[in-house]
Amino acid sequence: MKVEFTESEIEIMQTALDQWGLNAQVGQTVEECAELIVALQKYINRTPQPGMIENILDEIADVEMMLAQMRLVLDIGDDALRKRIEYKFQRLNQYLSRDEV
């Protein structure tokens, strides 16, 4: 399930960061996350509409791209992220185990 970006795509992300700056790209990341939230809310609260899944897919793609830019600019490597994900899964598993009792 890992999204991998090509060298060309990474260069484009770096160009966007260089051209628009950190503050603009952080703001864009927030905006893309908000758009995904809205798309998901529509999915669970409304009658399914044509194009709804495609819209969610577009928003997930936008969020993935922006998160990659944030990792790039904040120098968050795969190992650091993997360790944090493992910690979060361990914690989630503990919560799930408590709910089973």
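At 5% relative accessibility, Q25 counts as buried. The residue belongs to helix 2. The model described here is predicted.

With residues up to four places away in sequence left out, E32 touches E59, D62, V63 and M66. The side chain of E32 also makes a polar contact of 2.7 Å with the side chain of Q28. E32 and L67 are 35 residues apart in sequence. In space, their C-alpha atoms are 9.7 Å apart.

A68 lies in helix 3. This residue counts as buried because its relative accessibility is 15%, and the limit for burial is under 20%. Not counting residues up to four places away in sequence, A68 touches F5 and M13. A68 and T29 are separated by 39 residues in sequence. The C-alpha to C-alpha distance between A68 and T29 is 9.9 Å.

Along the sequence the pattern reads α-α-α-α. The radius of gyration is 17 Å, whereas the globule rule gives 13 Å for 101 residues. The value is well over that of the rule, so the protein is more spread out than a compact globule. Along the principal axes, the C-alpha trace spans about 50 × 40 × 25 Å.

Of the 101 residues, 16% count as buried. Contacts between residues at least 6 apart in sequence were also examined. Among these, 67% join residues at least 24 apart. The protein exposes about 8,200 Å². Carbon and sulfur atoms supply 57% of that area.

Part of the surface is a nonpolar patch. The patch is formed by L22, V26, V30, V73, L74, I76 and L81. Together these residues have about 530 Å² of accessible area. Helix 2 (22–45) and helix 3 (52–74) are the elements that give two or more residues to the patch. Helix 2 gives the most, with three residues. L74, one of the patch residues, is placed in helix 3. Its relative accessible area is 52%, so L74 is exposed, the cut-off being over 50%.

Charged side chains were examined next. A search of the whole structure finds three salt bridges. One of them joins K2 and D78, with the closest N and O atoms 3.4 Å apart. K2 lies in the segment before helix 1 (7–20), while D78 lies in helix 4 (residues 78–100). The pair therefore ties together parts that are 76 residues apart in sequence. K2 is exposed, with a relative accessible area of 58%. D78 is partly exposed, with a relative accessible area of 45%.

D78 also forms a salt bridge with R71. Here the closest N and O atoms are 2.5 Å apart. R71 has a relative accessibility of 25% and counts as partly exposed, because this class lies between the buried limit of 20% and the exposed limit of 50%.

The remaining pair to describe is R82 and E86. They form a salt bridge whose closest N and O atoms are 3.4 Å apart. Both residues lie in helix 4. They are four residues apart, about one turn of the helix. R82 counts as partly exposed at 42% relative accessibility. E86 is likewise partly exposed, with a relative accessible area of 44%. Elsewhere, salt bridges that share partners join K2, R71 and D78 into one network.

Definitions and conventions: Residues numbered from 1 in each chain as written. Predicted model: local features only at pLDDT ≥ 70, side-chain atom pairs only at ≥ 80, totals over all residues. Heavy atoms only, no water. Patch = residues over 30% accessible without salt bridge, like charges linked within 9 Å, V, L, I, M, F, W, Y side chains within 5 Å. Areas by Shrake-Rupley, 256 points an atom, 1.4 Å probe, with all protein chains shown as cover. Salt bridge = Lys/Arg side-chain N within 4 Å of Asp/Glu carboxyl O. Buried < 20%, exposed > 50% of the residue type's maximum accessible area, 1.4 Å probe, protein only. Rg over C-alpha atoms; globule rule 2.2 N^0.38 Å. Contact = heavy atoms within 4.5 Å. Polar contact = N/O pair within 3.5 Å; in protein donor to acceptor, adjacent residues only side chain to side chain.
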